[in-house]
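Please walk through this protein with me, beginning at a single residue and moving on to the ligand, a pocket and the details of the backbone.

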Amino acid sequence: MAIEPELRRWDALFAARTRGGAGEGLLEILALAGAQDVISLAGGFPDPATFPGTIVAEILRELAESGDASPFQYAPTDGLPGPRDYVAGRLEREGRRPGEGELMLTSGAIEALELLGKALVDKGDRVLVEAPTYLGAIMAFQSFEAQVEGVPVDEDGLAVDELERLLAAGPAPKLLYTIPDFQNPAGVTLSGERREALVELARRHGLLVIEDLAYRDLHFGGERPPTLFSLAPDVVLQAGTFSKTFFPGVRLGWAAGPAELVSKLVWAKQNTDQCAGALGQRLLEEYGRRGYLDEQIVRARKIYRSRRDTAMGALEHHIGGRATWTRPEGGFFTWLELADDGVAVARRALEAGVAIVPGRPFFAGAGGESNIRISYSQASEERIEDGIARLGPLLNG
Ligand SMILES: Cc1ncc(COP(=O)(O)O)c(C=O)c1O
């Protein structure tokens with residue numbers, strides 16, 4: 001049977017930009033983290049208990065019976081006017097309504113990053129991300145052969161003074177990607193003071209800042225500093241998503257920023273998927289305009305806040321004194337600093353029936369060896385407690 005050589009032949013056809021990897025050991029752990037028979041504190045998935053249910057069925061029926069073909073037809077590349085207006089209204093509540101040409105709908109936030117890569121990044125371009133950051137963003141920029149470099153993060157979010165040092169050292173980066181609210185994976189939030197400093201620095205250096213808003217709506221009640229887009233729409237492009245608030249199956253997000261840039265992203269989208277799904281756009285609009293999305297978000301916040309509390313209590317009880325961790329004020333994640341190797345702990349945890357993600361893949365460069373990320377978004381409180389209890393005996397320190 002000549003199957004293996006055949007496979008190797010296709011392998012040889014892969015473009016150079018696809019050959020980078022997260023490392024064999026890490027891939028193995030990430031794959032196992034999705035296993036069914038473990039307590040998963042690994043993925044960044046929203047809890048299905050927050051999903052809309054039968055209201056969506058009613059709206060679908062209405063759309064089908066209305067005689068309006070738009071939900072079933074191709075849509076304009078930047079989105080249908082009604083859904084775009086609805087999203088613009090949501091951004092207005094956050095301090096700034098995008099002007100003419102400043103907003104497009106995308107197939108999730110990850111697509112906005114992909115379009116940015118396609119429209120802006122040439123091979124070897126410097127792209128700055130947080131260290132640690134969302135793995136999907138590292139992969140998106142690396143797939144366009146960017147030189148992705150990390151800027152440290154502490155409990156107040158991105159270290160803006162470190163960014164200033166990196167900018168001074170040159171060469172000028174194409175962009176900086178940041179997740180200011182309840183960051184993935186660290187759970188930290190960029191302070192108001194640093195937001196002001198960041199946009200001031202960006203203006204001084206002509207730096208494009210990409211603000212990823214993935215978890216902002218899922219806050220646990222505290223004051224939230226303003227969005228970067230509302231502070232500086234001249235230097236900020238915001239990428240948002242309805243994956244964590246409506247449901248990820250709809251694959252819907254947005255990009256809002258300077259019109260010249262948005263029009264280039266629209267250009268890039270024409271030959272990826274051409275337009276975000278019209279049916280999802282109209283579903284979101286109807287669900288949102290009738291007030292259901294806001295109600296869903298309120299319910300989701302309660303669920304995730306309570307799980308955060310359970311996770312914090314369990315960490316203190318089972319791991320206290322042997323590791324440190326962040327206390328997220330929203331979102332899905334806490335980030336642990338251990339006295340152990342994160343990959344080794346993740347392996348031992350899997351043997352004990354718990355999936356967590358080691359810190360390493362969240363760094364574009366060195367870092368994360370002694371970190372793990374714990375997600376409390378999907379497991380029940382009982383399983384969070386049990387999962388963290390099982391981690392306790394696995395740690396040194
Ligand atoms: C920070 C961040 N941005 C974007 C995404 C992906 O969003 P979407 O489902 O809209 O592509 C995620 C999902 O895990 C995320 O954590």
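Predicted model: local features only at pLDDT ≥ 70, side-chain atom pairs only at ≥ 80, totals over all residues.

The peptide bond that runs from Gly 170 to Pro 171 is cis, with an omega near -5°. Lys 174 also sits in the loop between α7 and β6, and since its relative accessible area is 33%, which falls between the limits of 20% and 50%, Lys 174 is described as partly exposed. Computed along the chain in residues, Val 209 is 35 positions from Lys 174, while their C-alpha atoms are separated by 9.3 Å.

The ligand comes next. Which residues come nearest to the ligand, of the 14 around it? They are Ala 109, Asp 212, Tyr 215, Thr 241 and Ser 243. Three of these can be followed down to individual atoms: an N or O atom in the side chain of Thr 241 is 2.5 Å from an oxygen atom of the ligand, a polar side-chain atom of Tyr 215 lies 2.6 Å from a ligand oxygen, and a polar side-chain atom of Ser 243 likewise lies 2.6 Å from an oxygen atom of the ligand. The ligand taken alone exposes 400 Å², and the protein buries 91% of that area. By residue class, the shell around the ligand is made up of 7 nonpolar, 4 polar and 3 charged residues.

A separate feature to examine is the second largest pocket, which holds about 270 Å³ of space. Its lining consists of 18 residues, and those nearest the centre of the pocket are Arg 90, Arg 93, Glu 94, Asp 217 and Arg 224. Two helices, α4 (81-93) and α12 (292-319), each contribute at least two residues to this lining, and the largest share, 4 residues, comes from α12. Sorted by class, the lining of the second largest pocket comprises 8 charged, 7 nonpolar and 3 polar residues.

A second example of a cis peptide bond joins Ala 131 and Pro 132, with an omega of about 15°. Pro 132 is placed in the loop between β3 (126-131) and α6 (135-142).

Positive phi values also occur in residues other than glycine. Glu 145 has a phi near 65° and is located in the loop between α6 and β4 (147-154). With a relative accessible area of 25%, Glu 145 is partly exposed, because this value lies between the limits of 20% and 50%. Arg 251, for its part, has a positive phi near 45°, and its place is in the loop that runs between β8 (236-241) and β9 (253-256). Arg 251 has a relative accessible area of 36%, and so it too is classed as partly exposed.

The last stop is Ser 380, which lies in the loop between β14 (371-375) and α14 (381-391). Ser 380 has a relative accessible area of 31%, a value between 20% and 50%, and is therefore partly exposed. The C-alpha atom of Ser 380 is separated by 42 Å from that of Ala 15, a residue 365 positions away along the chain.

Key:
Residues numbered from 1 in each chain as written. Heavy atoms only, no water. 1 Å grid on protein atoms, 1.4 Å probe; cavity = no way out; pocket = protein on both sides within 12 Å on 5 of 7 lines; lining within 4 Å. Points joined across faces, edges and corners; volume = space filled by probe spheres on them. Nonpolar A, V, L, I, M, F, W, Y, C, P; charged D, E, K, R; others polar. Near = heavy atom within 4 Å. Polar contact = N/O pair within 3.5 Å; in protein donor to acceptor, adjacent residues only side chain to side chain. Areas by Shrake-Rupley, 256 points an atom, 1.4 Å probe, with all protein chains shown as cover. Buried < 20%, exposed > 50% of the residue type's maximum accessible area, 1.4 Å probe, protein only.
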